[in-house]
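Subject: Structure handover and findings

Hello,

Here is the structure for your own work. Please look it over first, then read the notes below.

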Amino acid sequence: RDAPRYLETISKGGYRLLAPVEWLDNARPSAVEAMLTESEVPAPAPVAALPSPPRGGRRAWTVAAIALVGVAGIAAVWHFAQRAPVAAQTAPTANPAPVEPSLPFVTITSRPGREVDANLSPDGAMVAYVQIDEKGHGTIVLQTTVHVPPRPLTSTPAGYSDTMPVWSPDGRTIAFARFDASSRCQIMLIAASGGNERKIADCFAGSASSYDWTPDGNGLLMGLETKLPGERSSPLRLLDIASGQWKALDYAISEGDIDIDPRYSPDGKWIVFRRAISLSDLWKMPATGGTPQRLTHVKSDIRGWDWLPDGSGLIFSYIGNDIGMFRYDMASGAVTHLKMDG
């Protein structure tokens with residue numbers, strides 16, 4: 001029970017398979033299958049494919065919470081829908097039309113108060129988010145992507161607030177921002193299994209915003225509206241974890257541009273970010289820097305976005321003429337309105 005190898009029991013939630021799984025499309029028939037074939041026993045009727053198990057996935061807290069939790073839930077559902085094996089094989093047809101997976105919203109929390117800043121673990125099995133108490137202070141909590149009680153991760157000092165949890169690429173560490181009563185900010189790290197938190201740096205110019213880990217796990221990439229004296233734009237900034245030093249990322253940026261919400265692609269080769277605060281769009285550039293390329297042309301209030309697990313596109317939400325969740329396809333540039341169950 002204390003060291004499961006194959007099945008993990010999740011309190012009030014069920015069970016999770018721990019052993020590695022591989023789907024063998026061209027596997028040799030088993031002895032039982034061979035016997036059935038030789039005896040010409042009639043094959044059972046095809047079984048319909050089982051549906052994939054539904055998975056649940058700053059300043060305007062209410063709308064931002066809905067958008068971010070929605071993005072996290074969609075990423076989780078999309079992740080598992082794409083990986084689900086097909087239980088029954090059918091005869092191939094000419095030019096089959098692509099079928100979009102079902103993308104329902106799934107409620108995974110029902111505690112009093114607000115829950116914001118949802119962030120999925122790399123394997124999609126856990127979600128870290130911020131639980132806001134009655135005084136408006138936040139604590140980082142963890143739970144599986146099913147409706148089970150969460151467990152507190154951070155021990156937030158009285159009068160402080162923990163927010164913006166982000167998983168490291170290997171899923172072992174969570175970075176977060178800690179604010180004191182005077183809104184001074186620190187960037188912190190804690191093991192996903194719990195333990196002591198440690199400060200790695202003060203926030204850049206006292207501010208913090210949406211960020212991502214570098215693919216090698218050695219730094220954090222953040223976009224901020226804040227500028228240093230003499231700066232004419234607000235570039236993405238890189239925090240080196242070992243030294244605790246901030247530096248501006250070297251890439252083409254025009255005077256007056258504000259770049260925020262950066263995310264590395266799943267293969268680590270690209271960075272997509274949001275340019276501008278309100279009338280914003282998504283832009284892409286090589287992870288090493290260079291000249292950004294504009295992807296979307298919505299010029300709207302984008303509230304949350306993320307990569308699809310295979311890097312083929314993005315999902316994002318915005319408030320404009322059309323409100324909802326959208327998918328951007330990297331190959332074609334097409335933007336599709338995602339129809340989801342409410």
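Buried here means under 20% relative accessible area, exposed means over 50%, and partly exposed is in between, with a 1.4 Å probe and protein chains only. By that cut-off Arg275 is buried, with a relative accessible area of 11%.

This is a predicted model: local features need pLDDT of at least 70, side-chain atom pairs count only at pLDDT 80 or more, and totals for chains, interfaces and linings use all residues. Residues are numbered from 1 along each chain as its sequence is written, and side-chain values use heavy atoms, with hydrogens and water left out.

Overall picture

The chain has two helices and 22 strands. These are DSSP runs, numbered from the N terminus: helices are H or I with at least four residues, strands are E with at least two. Of the 342 residues, 42% are buried. The chain exposes about 19500 Å², and carbon and sulfur atoms supply 54% of that. Accessible areas come from the Shrake-Rupley method with a 1.4 Å probe; for residues, only the protein chains shown count as cover.

Salt bridges

A salt bridge is a side-chain nitrogen of Lys or Arg within 4 Å of a carboxyl oxygen of Asp or Glu. The whole structure holds 12 of them.

Start with Arg275. Its salt bridge with Asp257 has the closest N and O atoms 3.4 Å apart. That pair links distant parts of the chain: Arg275 is in strand 16, Asp257 is in the loop between strand 14 and strand 15, and they are 18 residues apart. Both Arg275 and Asp257 are buried.

Arg275 also meets Asp259 in a salt bridge, at 2.8 Å from N to O. Here strand 15 supplies Asp259 and strand 16 supplies Arg275, 16 residues apart. Asp259 is buried, with a relative accessible area of 0%.

Asp261 pairs with Arg274, the closest N and O atoms of this salt bridge being 3.0 Å apart. This pair, too, links distant parts of the chain: Asp261 in strand 15 and Arg274 in strand 16, 13 residues apart. Asp261 and Arg274 are both buried.

Elsewhere, Asp162, Arg178 and Glu197 are linked in a network of salt bridges.

Backbone

Most residues other than glycine have a negative phi. Asp261 has a positive phi of about 55 degrees, although it is not a glycine. Asp261 is in strand 15 (residues 259–264), and its relative accessibility is 10%. Asp117 has a positive phi of about 60 degrees and is not a glycine either. Asp117 sits in strand 3 (residues 115–120) and is buried at 5% relative accessibility.

Rings

Rings of Phe, Tyr and Trp (its six-membered ring) pair if their centres lie within 6.5 Å; planes under 30 degrees apart count as stacked, over 60 as edge-to-face and the rest as tilted. The count comes to five aromatic pairs. Tyr251 and Phe273 make a tilted one, with 6.1 Å centre to centre and 55 degrees between the planes. Tyr251 lies in the loop between strand 14 (245–248) and strand 15, and Phe273 in strand 16 (residues 270–275), so the pair ties together parts that are 22 residues apart in sequence. Phe273 is buried at 0% relative accessibility.

Tyr318 and Phe326 are stacked, at 4.8 Å centre to centre and 20 degrees between the planes. Both are buried. Ring pairs link Phe316, Tyr318 and Phe326 into a cluster.

Two charges also sit over rings. The rule is NZ of Lys or CZ of Arg within 6 Å of the ring centre and within 35 degrees of the ring normal. Arg263 lies over the face of Trp305, at 5.5 Å from the ring centre. Lys284 lies over the face of Trp270, at 4.2 Å.

Nonpolar cores

A nonpolar core is a set of buried Ala, Val, Leu, Ile, Met, Phe, Trp, Tyr and Cys residues joined through side-chain atoms within 4.5 Å. The largest has 21 residues, and Ile187, Ile200, Ala208 and Leu220 have the most contacts inside it. Elements giving it two or more residues include strand 7 (161–167), strand 9 (185–191) and strand 12 (219–223). Apart from it lies another core of 14 residues, among them Val130, Leu142, Ile190 and Ala192.

Best regards
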